[in-house]
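Here are my notes on the model, in the order I'd go through them. Have the viewer open while you read.

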Amino acid sequence: MQQIPPLWLSPESHLARSAPDHPILYFSPRVLHEVARRFSQGFPGLVTYAVKANPHPAVLSNLVAAGITAFDVASPAEMEAVRAASPDAVMHYNNPMRSEAEIAAGIEHGVASWSVDELSELEKLDAVPRACEIAVRFALPVAGAAYDFGSKFGAAPEEAVELLKQVAAKGWTPALCFHPGTQCEDEMAWVEYVHAAKRIVDAAGVRIARLNVGGGFAANRDGVAPDLEKVFAAIGTAADQAFGAEKPTLICEPGRAMVSESFTLAARIKGMRKDGAVVFLNDGIYGGLVDIRDMGLPGRVEVVASDGTHRSGVRKPRVVFGPTCDSLDRLPDGLPLPCDCVAGDYVLFPGLGAYSSAMSTQFNGYGLSDVATVIELAGQAAR
Ligand code: PLP
């Protein structure tokens, strides 16, 4: 992926000047700093970042500059990326299924906290220093998320009780963690989990110093900024009510909500068919638009002509295909685009910082987007 030098421009003027024929992600460090500040000031505990959402070096170094000191990593490659951004960063290795080689890499990188959701996986962690924390990940059948992770990871509460006892008995610092599922728009999901954590602690007879409430915080998908503060307050109140004086330190590890808003993806219209009812873009579900396949169409899309002006015609729902020869390379039907858009225009997708470039493949030779950092002029409004 090519790193374009910082632009003292808007995406529109960059598109007009350079007419790129490949997808571009425009990155606003200012927006990333604002979101990081919102988490740090509002969340009642330690804020970490889930690297998987976007491991780009510019994201990691800006988060370090914004005061984020701890990172959730899922693999040795993510550990390397974090170390490159900050040699002192604290790492939480919260992928509960690891090979022996991955465990050795985690020990080598000085991972401070490890999650586990099964006894056989805990047994594999025997070489992990006893000064480390091991957080038992549990899962509940709660609703509220766009899609939930409980079918893949997380012990049932009864199993979590036994695991927590084992972690304490083997001499590590015991903790609990969960993830309510991504793009979770109902704060009651966290509330239910926090109360369940207290029941697990009581049943195990083990005190925990920290409770990791996961990521899952919602990003802005339809133009309405999610009320993160309401979720933060609900989590804090639930922890107070459930644990009282024995309240553990809370940790969160947002990926999507932290990084989404600071990126806008620009994909070019390659061609159109059936009087514009069918649109072919130069990015699709094997590239930076993969999250749209899973999350549904976003509510905010703009079309910019090759001179940088915005198309303002009446919007018509389209069938949108990506550039590869695979017929599955198609967005959910009905993306509303202005009636005056033509081949050569750019479709701007704001809020595509998470699970875009991180999941992009090079299938058919397409996919990877350049990242252009946009340094906005003073007073320029956020998109
Ligand atoms: N933490 C863990 C352990 C995860 O697996 C994930 C996502 O897969 C995240 C945090 C980030 O979740 P989100 O992007 O929904 O905030």
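1. A residue is near a molecule if one of its heavy atoms lies within 4 Å of it. There are 15 residues around the ligand, and Thr182, Gly216, Glu253, Arg256 and Tyr355 come nearest.

2. Before going further: this is a predicted model, with local features needing pLDDT of at least 70, side-chain atom pairs counting only at pLDDT 80 or more, and totals for chains, interfaces and linings using all residues. Residues are numbered from 1 along each chain as its sequence is written, and side-chain values use heavy atoms, leaving out hydrogens and water.

3. Now the ligand's N and O atoms. Glycine 255 brings in its backbone, with an N or O atom 2.9 Å from a ligand oxygen.

4. On its own the ligand exposes 400 Å², and the protein buries 92% of that (Shrake-Rupley areas, 1.4 Å probe).

5. The C-alpha trace spans about 65 × 45 × 35 Å along its principal axes.

Conventions
Polar contact = N/O pair within 3.5 Å; in protein donor to acceptor, adjacent residues only side chain to side chain.
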